[in-house]
Amino acid sequence: MDVLGEVLLTTRLLASAINILDLAAPWGLTVPPERSNLALGMIVLDGRCWFVSDSWPLTEMHPGDCMLTLRGSGHRCMSAPGVEMTSFFDFRSAHGIPPLTVDQPHEPPLVTRVGTGDKRTRLLVFGLIAQD
């Protein structure tokens, strides 16, 4: 087993959520630093996007690429460098995506489709809250 698999197996999760975002360009989402027991991840399913954080340079991502931010570190994901950014939390509220909370029951993945353009990106995004 790989190191990440072992860490995930031994981590006591208090909450988790999975969503699929189907986004038409241009789009940009920013996630500010959060609590230290929060991990956020993303897998590019279709299309492409760009990812950057304080500890990772601007990187183009393609189908099959994934990222995982630990300890609530902030980051940004966008359809192209320089697009207007929106807070992920404002985006979530505007599109009916429930917040990740410890008392939340496990729900099947939500699919959120935004925009009507042909240049689209589909992302599987997930959040995990671990016991401190």
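**Close-up views of a predicted protein model**

**View 1. Contacts across the whole chain.** Take the contacts in this protein (contact means heavy atoms within 4.5 Å) between residues at least 6 apart in sequence: 76% of them join residues at least 24 apart. A quick note before going on: this is a predicted model, where local features need pLDDT of at least 70, side-chain atom pairs count only at pLDDT 80 or more, and totals for chains, interfaces and linings use all residues. Residues are numbered from 1 along each chain as its sequence is written, and side-chain values use heavy atoms, with hydrogens and water left out.

**View 2. The parts list.** You'll find two helices and ten strands here. Helices (H or I, at least four residues) and strands (E, at least two) are DSSP runs, numbered from the N terminus.

View 3. Of the 132 residues, 38% count as buried. Buried means under 20% relative accessible area, exposed means over 50%, and partly exposed is in between (1.4 Å probe, protein chains only).

**View 4. An open sheet of five strands.** The strands line up in the order β5-β4-β7-β2-β8, and their pairing is mixed. At the edges sit β5 (56-61) and β8 (86-87), each pairing on one side only. Two strands pair if DSSP finds at least two bridges between them. In general, strands of a sheet pair through backbone hydrogen bonds, either parallel or antiparallel. Look at β4 (residues 49-53) and β5: they go antiparallel, with four bridges. For C49, the bridge partner in β5 is M61.

View 5. L23 belongs to strand β1 (residues 13-24). L23 counts as buried because its relative accessibility is 2%. Who touches L23? Setting aside neighbours within four places in sequence, L23 is in contact with F91, V114, K119, R120, T121 and L123. The C-alpha atoms of L23 and T112 are separated by 8.1 Å, although these residues are 89 apart along the chain.

**View 6. D90 on helix α2.** D90 lies in helix α2, which covers residues 88-94. Buried or exposed? D90 counts as exposed, because its relative accessibility is 52%. Between the C-alpha atoms of D90 and L29 there are 9.4 Å, with 61 residues separating the two along the chain.
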